[in-house]
Amino acid sequence: MTQSHSRISKAVIPAAGLGTRFLPATKATPKEMLPVVDKPAIQYVVEEAVSAGLDDVLMITGRNKRPLEDHFDRNYELESALGKKGDAERLAKVQESSDLATMHYVRQGDPRGLGHAVLCAAPHVGNEPFAVLLGDDLIDPRDPLLRRMIEVQEQHGGSVVALMEVAPEQIHLYGCAAVEATADGDVVKVTGLVEKPDPADAPSGYAIIGRYVLDPGIFGILRETEPGRGGEIQLTDALQQLAQDEKVGGPVHGVVFKGRRYDTGDRGDYLRAIVRLACEREDLGPDFRTWLRSYVAEEMQQP
């Protein structure tokens, strides 16, 4: 069993998807760069990793993803222009993204699924446990899910997945976990996983959401994992092997999350995420909530 208890410092963010659900907006703009209020979605994810103590971030990219690199790089021309104007507030916002973390990039090339994207991180990660954050799931910073997952991994070794209970009719949209209770109320032991099951075949109502803390033993399994659902190499299939054979890379645990999550991978949920986050902003919230109440009241009066 691989019991790796060294400090976790590396985060992997797969960002090679085509974003077809948001066409035509994503024809020339990566979906990760779509704004959520006034920051691109991907910046929220990097900020979450950094707040959990992960200051080394590897982004798995693909074609037409250069704007991701540009966003986290310095823009000297823009910074100079803002400095000359004395616009310190906007200058600080521009510099914030380039100072967040040490950023690295590797291209996936052939998009063969999430499991393949994670495997692309092997040379960078090496023999260390690491976190994987999917850009479609934004976790509210007031709910430190990733930090809790790291604590569980440091305690038990192996790998940890984030779980959220969903309605039975939604479980087919997610990977699903069979679980056993532990002494910690928010932690379960994962005994099996299945990717996007039919509701009648789902082993539980616990869906895997887009946060993982993985033992490096996952790489050896991914190299041998055959394409599964959708013809892609599924990370869920590799985790299923870890759950069945702890000698490979330790046990698999799940942290049951009951906090605030914003799904930006769906157009409707993306819009709802913008509204929720805008309402909570100190600079935008008061005026925006007033307008929103007025708008909803007017709509309710329509025949």
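## A partly exposed tryptophan

Tryptophan 291 counts as partly exposed, because its relative accessibility is 48%. Buried means under 20% relative accessible area, exposed means over 50%, and partly exposed lies in between (1.4 Å probe, protein chains only). Tryptophan 291 sits in helix 12, residues 285–300. Helices (H or I, at least four residues) and strands (E, at least two) are DSSP runs, numbered from the N terminus.

This is a predicted model: local features need pLDDT of at least 70, side-chain atom pairs count only at pLDDT 80 or more, and totals for chains, interfaces and linings use all residues. Residues are numbered from 1 along each chain as its sequence is written, and side-chain values use heavy atoms, leaving out hydrogens and water.

## The largest pocket

The largest pocket holds about 1,500 Å³ of space. It has 48 lining residues, and Arg21, Lys31, Leu134, Asp136 and Lys196 are the closest to its centre. On a 1 Å grid over the protein atoms alone, a pocket is an open set of points with protein on both sides within 12 Å along at least five of seven lines; lining residues have an atom within 4 Å of a point. A volume is the space filled by probe spheres set on the points.

Strand 11 gives the largest share of this lining, four residues. By class, the lining of the largest pocket has 18 nonpolar, 13 polar and 17 charged residues. Asp, Glu, Lys and Arg count as charged; Ala, Val, Leu, Ile, Met, Phe, Trp, Tyr, Cys and Pro as nonpolar; the others, Gly among them, as polar.

## The second largest pocket

About 890 Å³ of space lies in the second largest pocket. Among its 33 lining residues, Lys39, Gln43, Tyr44, Glu47 and Glu96 lie nearest the centre. Helix 1 supplies the largest share, six residues. The lining divides into 14 nonpolar, five polar and 14 charged residues.

## The cavity

One cavity of 30 Å³ or more is present. In a cavity, a 1.4 Å probe fits but cannot get out. The largest cavity holds about 90 Å³. Its lining includes Phe22, Lys31, Asp136 and Tyr270. Five lining residues are nonpolar, two polar and three charged.
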